[in-house]
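Here are some short notes for a first look. Please read them beside the model.

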Amino acid sequence: MIDYIREYKKYSSSYYVSEGIRTTAGVMIPLLVASYFGQLQTGVALALGAMCVGLTDNTGPIHHRINGMVAAILLIFFTTLLTGFIIRFPWMLAIFIAVMGFACSFVGVYGVRASNVGGAGVLIMVLSIDEQYDPARVIRNALLVSSGGLFYLTISLLLYRLRPYKLIQQALGDELLATATYLRTRAAFYQSSVDYTGTYQLLLEQQVQVHNKQNLAREMLFKTRDIVRESTHVSRIMMMIFLDSVDLFERIMTSQQDYRKLHEQADGSNLLPAFGAFIKRLAEEAESIGLALQEGKVSIPNPVLANELKSLEEQFIKVRAATMDDSNIEGFISMRHILDSLKDLYQRIETLHRYTSFDKKLGNDLNPQIQYDKFVSPSDFNLKLLTNNISIDSNIFRHSIRVSVSLLAGFFISRIFPFGHGYWILLTIVVILKPAYSLTKTRNIERLVGTFTGAVIGGMILWVITDNHVLLVIMIIGMVVAYSMIRLKYLVSVIAMTAYILIAFHFLKPGDFSEVLRDRLIDTFVGSVIAFITTIAIPPKWEHEQIQELIRNAIRANAKYFSFISKPFLGEHLSNLDYKLHRKEAFVQLANLSDAFQRMLNEPKRQQKKIQIIHQMVVSNHMLASHIATLSAYRKMAELFSIQKFRPIVDASLGHLESASDILSTEIHHLKSINSDENFAIREELKQLLQKRLQELAKGNLETATRKELSGLKSLVDQFEYINKISTELEKLSGKLVAA
């Protein structure tokens, strides 16, 4: 029950619900007011304009939101105008539908917001093709639609001015909730029976989610001028929350170990399950912070957590004293560093707890020298990007053609077989077709299942409930759920949308709703079939055709990340800015690769070429980034071990990664001779230190200077060895990938 309550709180306090309520208010207020004064048709036109603009107002920097809404208002005005004037000429209308379908889809090259603006243009065109008006009425209708959009824009800006930080707080909370989920998944590695493949697969999916949410929060913070100028203590603290949350995520990744070897050496001690249980407690704490940020409350730290951490350390010391010998000493060294990582995570989470109070004193600690512009991508509209994608090799170009052809086919079918609401066919096509095959496939299934389920629910509601006031409340709730779930759980959104549409038609045309229900089901099925056929006839660019470049980008980004992290261990200076920039780039490229691989798994089996090799390379890149992140956590020890003996293993690892990148870029069709067992001098030094420590243990000496030196050096050498091993493996796999 507690889990269900917490999941409900995550949803109800999220920016998704804020978006849903905002869109519902923008749609319903003009509709209800106009209906009250007996101007229902006027209200419908205003509501359609508000809905179209509302769907472009996804969370982001405020000036991006304003630009998107203004562009949408202009687009829906001219689209409604042109559609109204040419609707009496079917062949001209057909050409217009095809051109609009292509153009409004093609603007998606500029990102999600531009794609949503284009979608608003197609949506208002589709909703306008069933009614013919005289010229004066066409102009009036276009003005009403754009006025509805302006009304929504006004509501959105008013809410922002009243609570300028609310959406950013919700985005930060959502990011921390995703980080908590990632942390909880990593706890699975410490259980007695571990599904390594399944856990790594889940981590890949969750890392994409964390990256996307971090990127949203980064854009909102770094591109909001008031926050970058640090105008208030609230904005400064939100910046600190974000920066610390990114560091927290990296620190979580630093727990990367050779888990199979660790279990072999430590399973008898019962320490690993204890570590896993404490990690879950930390995940709960991070989750409570995320919820507090979304709800605008102060999070309260768990008072017993410090005692649990102390008990865990005492248990470790007791077990180590009783069982450590030459067969498991390496496992205890690894567990000591896991314990140190847990202490660090605990301190970071405690700091985030304090930030939720938004105490003015906390806002004075922010470093004002951060160069925020370097961490966000420019959002200029480059004409070259548009022209470069006018090619059959461009996925967005193929998608635009597919939308254009599908809409044209749907238009002719709706005219040949008039089902009463032909625009639903086109509407189904618009919402189902996506650039990626996997998303189109998922949307198609969810649209069909959701429509049938929503129709049943809507029909039952209309059958059982006759009170119009109750039906109105249910309809509004359905709208909030539909608009808030559209980016979160599309199936739920379609169910709610179908149910509220049936109720809406009951108000517009009281009586038997079975005809509306029948038309809705038939048109959805026809639209889904058309979308499926055109996806097969004009296939997207399959992931196996482009994933090799994404693997190469991930390898190169990891190589740069590693080369910079290695600098302190070679006696070279590493600036904090360079470190964070290359960390961000590595995580971005890894998320892009993981996302593409997930899409590939949803494609037809015949298109999943070289899937096993690609899966190994995706997991290897993920593990490589984790070990580099772990190495970065040891930067403070660099002064103790800043010796040139590290250089050979660093150079060898970078050489393997560079070779892997070259193989993938030049498509060399033969395997290179790879030396996977270089004799690094640092290994001999570690071996000698280990022997010295074993002699001390034989004499009963536990806490010595050698222990600290061995613990530090072994931790560093282990990470360098892991990185070198994975780099060698990536080089071999690259050769297999291009030769397969």
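1. Cys-104 has a relative accessible area of 8%, so Cys-104 is buried (under 20% relative accessible area; exposed is over 50%, partly exposed in between, with a 1.4 Å probe and protein chains only). Cys-52 is also buried, at 1%. The structure has zero disulfides (pairs of cysteine sulfur atoms within 2.5 Å).

2. This is a predicted model: local features need pLDDT of at least 70, side-chain atom pairs count only at pLDDT 80 or more, and totals for chains, interfaces and linings use all residues. Residues are numbered from 1 along each chain as its sequence is written, and side-chain values use heavy atoms, leaving out hydrogens and water.

3. Cys-52 belongs to α3, where Gly-49, Cys-52 and Val-53 meet Met-69, Ala-72, Ile-73 and Ile-76 of α4 (contact means heavy atoms within 4.5 Å). By class, this contact has six nonpolar residues, one polar and no charged.

4. How do the axes of α3 (residues 40–54) and α4 (residues 62–86) cross? They come within 9 Å and cross at roughly 140°.

5. Phe-358 has a positive phi of about 55° and is not a glycine. Most residues other than glycine have a negative phi. Phe-358 sits in the loop between α15 (329–355) and α16 (383–388). Phe-358 is buried, at 15% relative accessibility.

6. Lys-610 also has a positive phi, near 55°. Its loop runs between α24 (576–601) and α25 (611–633). At 34% relative accessibility, Lys-610 is partly exposed.

Note on methods
Axes fitted to C-alpha atoms, helices over the stretch in contact; angles between N-to-C directions. Helix = DSSP H or I, 4+ residues; strand = E, 2+ residues; numbered from the N terminus. Nonpolar A, V, L, I, M, F, W, Y, C, P; charged D, E, K, R; others polar.
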